[in-house]
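User: I'm new to this one and I'd like to learn how to read its pockets. Can you walk me through it?

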Amino acid sequence: MRLTHLSVRRFRNLGVQDLEIPPEGLALVGENAQGKSNFLEAIYYLETFRSFRGARDEQLIGFDHDVFRIVGSLTSPDEAAASVEVAAAFQKKGRRKKVTIDGHEPERLSDGLGRLAAVVFSPADVSIINEGPAERRRFLDIVLSLNAPGYLRSLQAFRRTLQQRNAALKDGRPSAVVHVWDDALVRSGAAVMEARADWIESMSSSFTGYYSEVSGGQIAGFAYRPNVSLDPDAGAGDWSEAYRVALEASAERERRMGTTVVGPHRDDATVSLATDRPLEVRDFGSGGQRRTAALALRLVEAETIRTARGQEPIVLMDDVFAELDDGRSERILDLIEREETGQVILTAPKDSDVKVRRGTLPRWGIRSGVIET
Ligand code: ATP
Ligand code: MG
């Protein structure tokens, strides 16, 4: 899709603005703390109805205001007729969030997800590499919810069931009460694990390719580290069987701990600096290697949007060249020019940092939240 028009009302420091977005995209240049990331945050809000920076909705409302609203118009470059309007608003009072697609409120918020087909690159992406497993599960969950049909539904069912099962364990309820949840837990949990395993397996060579290209020939691998393992010898040839076997084996431990100790809520995925040794970037990587690994994950996400949704993603890049050496920056540019043929909206603090599309992207400025086109 292409974003053709964006209206913002009291989102962060962006005030009231109505913008025509150029078809090829734009480069937003401005000093620190002027609102560049806020602008991308507003656009990406229309994709997931959340802040990509992990901020709470309340924090997104302009200071001293009670409600923000964002409206984006999208057209598909293939079918001139196809266009859609995505709107989102949040009101502090009553914590009310309202999303509409072409003026209609979807039955569930999740039905409105992913209309932009956007991917956002941000310096904060290194947290996927640096932080604990929960951060990587979050990455997997977002990418798969947006791109793998049925994933979000399985994930939500799993979380609900897990919560109920854990409540029973915590209260020390009889075993029969705990185990009523097992079938539902296994069904939804296995679907989640299978989707994670399939996606990572299908994308790991792309990840290695992107990492190698940006780093100038270095090796890195991306692998699933499920909490429950498939072991055909132990009668666990599929994820459901594997999960059932693992649950049975952990019955005593979960009683003692008062919580479900095995399952996809304990999964991890690793990014390593070798494909044959457990040299995790998280433990051994340099700053640049971490940034490169995070960037390669986002490039994989963009590729997933292309293959799963058959759309050229809208690429949002927040100050991506910060902290990368010239070689890496150049190679990223080449890659973006070659692979990302959709709209590119990027931000940079200095004009000289804007080199994408051979410097032909329209330049916009921003000062105190006011965009100058
Ligand atoms: P940098 O180059 O440092 O990343 P930036 O241009 O990306 O800067 P943003 O993060 O987009 O900066 O914007 C930061 C500004 O937005 C800060 O001045 C901050 O005070 C302001 N801001 C953040 N949240 C709100 C809000 N809810 N209401 C009004 N202003 C806000
Ligand atoms: Mg910023």
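**Reading the pockets**

Analyst: Helices H1 (36-48), H3 (126-130), H4 (133-147), H5 (151-170) and H11 (287-309) each supply at least two residues of the lining of the largest pocket. Helices (H or I, at least four residues) are DSSP runs, numbered from the N terminus. This is a predicted model, where local features need pLDDT of at least 70, side-chain atom pairs count only at pLDDT 80 or more, and totals for chains, interfaces and linings use all residues. Residues are numbered from 1 along each chain as its sequence is written.

User: Which helix gives the largest share of that lining?

Analyst: That's H4, with seven residues.

User: What counts as a pocket, and which residues lie nearest the centre of the largest pocket?

Analyst: On a 1 Å grid over the protein atoms alone, a pocket is an open set of points where a 1.4 Å probe fits, with protein on both sides within 12 Å along at least five of seven lines; lining residues have an atom within 4 Å of a point. Here 34 residues line the largest pocket, and Thr48, Arg50, Ser51, Arg138 and Ile142 lie nearest its centre.

User: Where does the largest pocket lie relative to the domains?

Analyst: Domain bounds come from an automatic or database domain assignment. Domain 1 (1-117 + 311-373) and domain 2 (149-302) both give residues to the lining of the largest pocket, so this pocket lies between them.

User: Which helix gives the most to the lining of the second largest pocket?

Analyst: H5 does, with five residues. That lining also draws at least three residues from each of domain 1 and domain 2.

Conventions: Chains are lettered from A and ligands numbered from 1 in the order in which they are written. Side-chain values use heavy atoms; hydrogens and water are left out.
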